[in-house]
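Work through the exercises below with the model open beside you. Each task is followed by its solution.

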Amino acid sequence: MQKKILLTSFDTWLSEQLSNSSDDLLLELAKMACLPHDLIFLRRLPVDVQLASSRVIAKINELKPDYVICCGMAASRTQLSIEVVARIVSVQSTDILSLDCAESFWQTTLQTTVDVEQLVAGTKAVEISYDCGKFVCEGLYHSVLDYLSQSQLPIPCIFVHVPILNQENLIGILADFVLIINQLALV
């Protein structure tokens with residue numbers, strides 16, 4: 001049975017960036033005609049947690065996908081990274097001096113429901129990560145995981161960080177990404 005998979009990517013956020021590797025990977029994936037899944041692409045999300053999250057959540061509500069794979073660029077990494085958790089620190093007060101008080105901030109940590117160890121079995125060069133980066137990637141991942149949990153939607157969601165793609169690593173990264181998609185579709 002064909003699975004409906006929502007895949008997201010981000011736009012660039014620096015003027016010198018020609019592209020975002022997460023979007024580059026989805027473009028390469030879209031060129032492949034042999035995948036047995038219904039892949040829906042939500043590309044070039046704005047690099048803004050609230051805007052990106054609202055677009056992804058709206059698309060989840062519209063499509064009711066079987067799975068969600070959010071992707072983001074990680075220029076400092078050399079291989080795909082599957083993120084296990086998303087942490088958000090919230091501050092109750094705008095008074096910076098009150099940050100000394102334990103009641104002034106808290107951290108919420110959400111974890112994917114996917115068995116990540118099983119998901120990466122058989123891949124050539126994929127790492128499991130517990131550090132989503134403290135940028136828009138982590139904010140989006142946390143928002144989507146929170147929405148799925150609060151709405152009691154049984155839709156597995158993962159976040160994949162994508163290194164800069166080049167001629168030397170593209171084929172291997174694409175092969176590992178396809179394997180991850182196929183493994184996820186078995187969950």
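**Exercises on contacts and burial**

Asp 11 is partly exposed, because its relative accessibility is 23% and the class runs between buried (under 20% relative accessible area) and exposed (over 50%), using a 1.4 Å probe and protein chains only. This is a predicted model, where local features need pLDDT of at least 70, side-chain atom pairs count only at pLDDT 80 or more, and totals for chains, interfaces and linings use all residues. Residues are numbered from 1 along each chain as its sequence is written, and side-chain values use heavy atoms, leaving out hydrogens and water.

**Exercise 1.** Find which side chain meets Asp 11 in a salt bridge.

*Solution.* 
- Apply the rule: a side-chain nitrogen of Lys or Arg lies within 4 Å of a carboxyl oxygen of Asp or Glu.
- Arg 44 is the partner, at 2.7 Å from N to O.
- Asp 11 sits in the loop between β1 (4-10) and α1 (21-30), and Arg 44 in strand β2 (residues 38-45), so the bridge ties together parts 33 residues apart in sequence. Strands (E, at least two residues) and helices (H or I, at least four) are DSSP runs numbered from the N terminus.
- Check the accessibility of Arg 44: at 44% it is partly exposed.
- Count by this rule: there are six salt bridges.

**Exercise 2.** Describe the aromatic pair of Tyr 141 and Phe 159.

*Solution.* 
- Rings of Phe, Tyr and Trp (its six-membered ring) pair if their centres lie within 6.5 Å; planes under 30 degrees apart are stacked, over 60 edge-to-face, the rest tilted.
- The structure holds two such pairs.
- In this one the centres are 5.6 Å apart and the planes make 50°, a tilted pair.
- Tyr 141 lies in helix α4 (residues 136-150) and Phe 159 in strand β8 (residues 157-162), so the pair links parts 18 residues apart in sequence.
- Both Tyr 141 and Phe 159 are buried.

**Exercise 3.** Which residue of β8 is the bridge partner of Cys 70?

*Solution.* 
- Phe 159 is that partner.
- Strand β3 (residues 67-73) and β8 pair in the parallel sense over six bridges; pairing takes at least two DSSP bridges.
- Six of the six residues in β8 are buried.
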